[in-house]
Amino acid sequence: MNAQEKKEKAALAALRWVSADTVLGVGTGSTVNCFIDALAARGPRIAAAVASSEATAARLRAASIPLIELNETDELALYVDGADEATRRRHLIKGGGAALTREKIVAEASREFVCIIDDSKLVERLGRFPLPVEVIPMARAMVARRLTALGGRPVWRSQVVTDNGNHILDVHDLTISEPQALESAINQIPGVVSVGLFCLRPADVLLVAKDSGVEEI
Ligand code: 5RP
C-alpha cells in the first residue's frame, strides 16, 4: 500500500468520530484533504466546519461543506488533523504546511483531537522532522539566535508567508527529550507566535494507517 492509500485509509477511519449536526474543526494538509473528500462523499452531514487555514477553507467550500469562523461558535466537539511526526504518547510535530498557529488554536478550542497519519510518521522520539516555529517577521533573526542557543539549527523558510502574515523557521538537529518543557521554553521567546510541538495539548486519539489496517492509539 502506498503513502496516498494509507492517508485515505486513516482519513476514512476518522469518520467514525464525526457526529451529524456538530461543528467540526478541520486541520490542513494532504491527509486532511483526504478526510474532507471522505466526509463529503461518505460522512454524516455536519452543521459546519471551522478551517485551520485558507487552503482548507477553499477545499471545504469546494466540497460544499458550510464554513463558520471560530468566533461564531462555542467549543467544538471534534478536531481532525494530520501531523508531520507523532509518538505513541500522542505528542506531535506539526507545521510542515505552515498552518501550525491556526491548527493549535482550533485544537485548543476542541473537546477531542483526532490525528490521522500514515505509519512512516510514527517515531520513538520527536525531532527527525525539522521543528516549525512561526515568528513575527521583525523578530526572525533574534528568535533564530535563541533557537540556536537551545541547540537547534534554524533555517528560514524564506519562500513562505503564513496565513497570519508571519515567517517560519524550521529548526533542525534538536534533541527533543522533554517535549513539553521545550514547547514551553520556545513559547516564551518574544516574537514567537507558536511552535509546532503539540505536546502540552496532545492529540486524544492517533489513527495510524499501516498495511495491516488502522491502529488506534
Ligand atoms: C500543516 C500540518 C500538517 O498536518 C502536516 O504538515 C501533515 O501534512 P500532510 O498530511 O500533507 O503530510 O501540520 O501545517
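Exposure, fold and contacts

Me: Is Ser64 buried or exposed?
Reply: Ser64 counts as exposed, because its relative accessibility is 64%. The terms are set by relative accessible area: buried is under 20%, exposed is over 50%, and partly exposed is in between, with a 1.4 Å probe and protein chains only.

Me: Before I go on, what should I know about the model and its numbering?
Reply: This is a predicted model, in which local features need pLDDT of at least 70 and side-chain atom pairs count only at pLDDT 80 or more, while totals for chains, interfaces and linings use all residues. Residues are numbered from 1 along each chain as its sequence is written, and side-chain values use heavy atoms, with hydrogens and water left out.

Me: Back to Ser64, then. Where does it lie, and what is its phi?
Reply: Ser64 is in the loop between helix 3 (54–62) and strand 3. Its phi is near 60°, a positive value in a residue other than glycine. Most residues other than glycine have a negative phi.

Me: Which loop holds Asp173, and what is its phi?
Reply: Asp173 sits in the loop between strand 9 (167–172) and helix 6 (179–187). Phi of Asp173 is near 65°, again a positive value in a residue other than glycine.

Me: How many helices and strands are there in the chain?
Reply: The chain has six helices and 13 strands. These are DSSP runs numbered from the N terminus, with helices being H or I of at least four residues and strands E of at least two.

Me: Why can the chain be called as compact as a globular protein of its length?
Reply: Its radius of gyration is 17 Å, close to the 17 Å that the globule rule gives for 217 residues, so the chain is as compact as a globular protein of that length. The radius is taken over C-alpha atoms, and the rule is 2.2 Å times the number of residues to the power 0.38. Buried residues make up 51% of the 217 residues.

Me: Changing topic: which residues form an aromatic pair?
Reply: Tyr79 and Phe113 do, in a tilted arrangement with 5.1 Å centre to centre and 55° between the planes. Tyr79 belongs to strand 3 (residues 76–81) and Phe113 to strand 6 (residues 110–118), so the pair ties together parts that are 34 residues apart in sequence. Rings of Phe, Tyr and Trp (its six-membered ring) pair if their centres lie within 6.5 Å; planes under 30 degrees apart count as stacked, over 60 as edge-to-face and the rest as tilted. By this rule the count is one aromatic pair.

Me: Are Tyr79 and Phe113 buried or exposed?
Reply: Both Tyr79 and Phe113 are buried.

Me: What about Leu207: where is it, and what does it touch?
Reply: Leu207 is found in strand 12 (residues 205–210) and is buried, at 2% relative accessible area. Not counting residues up to four places away in sequence, it touches several residues, among them Ala10, Trp17, Val114 and Glu215. Contact means heavy atoms within 4.5 Å.

Me: And Val50: which strand is it in, and which residues are in contact with it?
Reply: Val50 lies in strand 2 (residues 48–51) and is buried, with a relative accessible area of 3%. Leaving aside neighbours within four places in sequence, its contacts include Val23, Leu24, Ile68 and Val106. Val50 and Leu67 are 17 residues apart in sequence and 5.9 Å apart in space, C-alpha to C-alpha.
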